[in-house]
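Here is a quick briefing for a reader meeting this structure for the first time. Look over the sequence and the model before reading on.

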Amino acid sequence: DKLVVVDAEGTYRYANAAMERIIGYDQDDFVGTNTFEYIHEADRDGVRRALDRLVAAEEDRTETVTYRHRAADGSWVWLESRMWNRSNSELGGYVVSSRDVTARKQAERRQRETEDRLRQLAANTDDVLWMFTADWGELLFVNEAFEELWGISRADLRADATRFLDGIHPDDRPRVRRAMERISSGESIEMEYRVNRDLSFRRWVWVRGHPVVEDGEVTKAVGFVRDITDRRRRHRQLQVLDDLLRHNLR
């Protein structure tokens, strides 16, 4: 870790050798400069407030802050610093221990970007995207498209994760239950069935489901549902036309 001592104004009074390894500055040149000269302006006020709280505290106190620190090459390094309010008279200030968390912050940013893209995808698709626990006891995610297709509210589904079965044609439910068991045991499935009680189960859907395996164990079930009612209707019309043409040909 980078260990430094700063006074109440944030001026560096001491810095260990890790200073050069982490942010590239020579420790002797660094001493005497002010920490707030190096902190990103968007993070400066938060670090300033944390230091002020430490200085003002009468009881023992620590503060942990995460911020961007400018490196010697001009880049920004994310540091996580822990500060103690026990002023060291010999060193002339407060001890601050910092570690480089740039890789963690970059991973968090990538995760947020991925989550944002998934939210946008889920909000702008007509397909139903879903995720359940492996035992189907808890709904982890379903997008808004579910409500229109199934005729059941997401609130009802969150209250009872198996409520979606009520929106499936009674003749198709046994097949769906077997498919759920197959996913829980580690298989992927693909099937078609009828949904939406309010529409007399006249809507046909195509479903693909997959197990999520972590450390050799199925932990989640994920998949999507697509409305194929129009496709089924066209297929039936083609069958009728085919039968008619065959009859006329005969």
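The points below cover strand pairing, a pocket and a surface patch.

This is a predicted model. Strand S6 (residues 128-133) pairs with S10 and with S7.

**Strand pairing**
- S6 and strand S10 (residues 217-227) run antiparallel, joined by 6 bridges.
- In this pairing, tryptophan 130 stands opposite glycine 223 in S10.
- S6 also pairs with strand S7 (residues 139-142) in the antiparallel sense, over 3 bridges.
- Here phenylalanine 132 stands opposite leucine 139 in S7.
- S6 and S7 form a hairpin, with 5 residues between them.
- Tryptophan 136 sits in the turn and has a positive phi of about 65 degrees.

**The largest pocket**
- The largest pocket has a volume of about 260 Å³.
- Its lining includes Glu115, Leu118, Arg119 and Ala122.
- Trp130 and Gly223 also line the largest pocket, and these two residues stand opposite each other in the strand pairing.
- H4 gives the most to the lining, with 4 residues.

**A nonpolar surface patch**
- Leu238, Leu241 and Leu244 form a nonpolar patch on the surface.
- Together they have about 300 Å² of accessible area.
- Leucine 244 lies in helix H8 (residues 229-249).
- Leucine 244 counts as partly exposed because its relative accessibility is 45%, and partly exposed covers values between under 20% for buried and over 50% for exposed.

How values were computed. Residues numbered from 1 in each chain as written. Predicted model: local features only at pLDDT ≥ 70, side-chain atom pairs only at ≥ 80, totals over all residues. Heavy atoms only, no water. Patch = residues over 30% accessible without salt bridge, like charges linked within 9 Å, V, L, I, M, F, W, Y side chains within 5 Å. Areas by Shrake-Rupley, 256 points an atom, 1.4 Å probe, with all protein chains shown as cover. Salt bridge = Lys/Arg side-chain N within 4 Å of Asp/Glu carboxyl O. Buried < 20%, exposed > 50% of the residue type's maximum accessible area, 1.4 Å probe, protein only. Pairing = 2+ DSSP bridges. 1 Å grid on protein atoms, 1.4 Å probe; cavity = no way out; pocket = protein on both sides within 12 Å on 5 of 7 lines; lining within 4 Å. Points joined across faces, edges and corners; volume = space filled by probe spheres on them.
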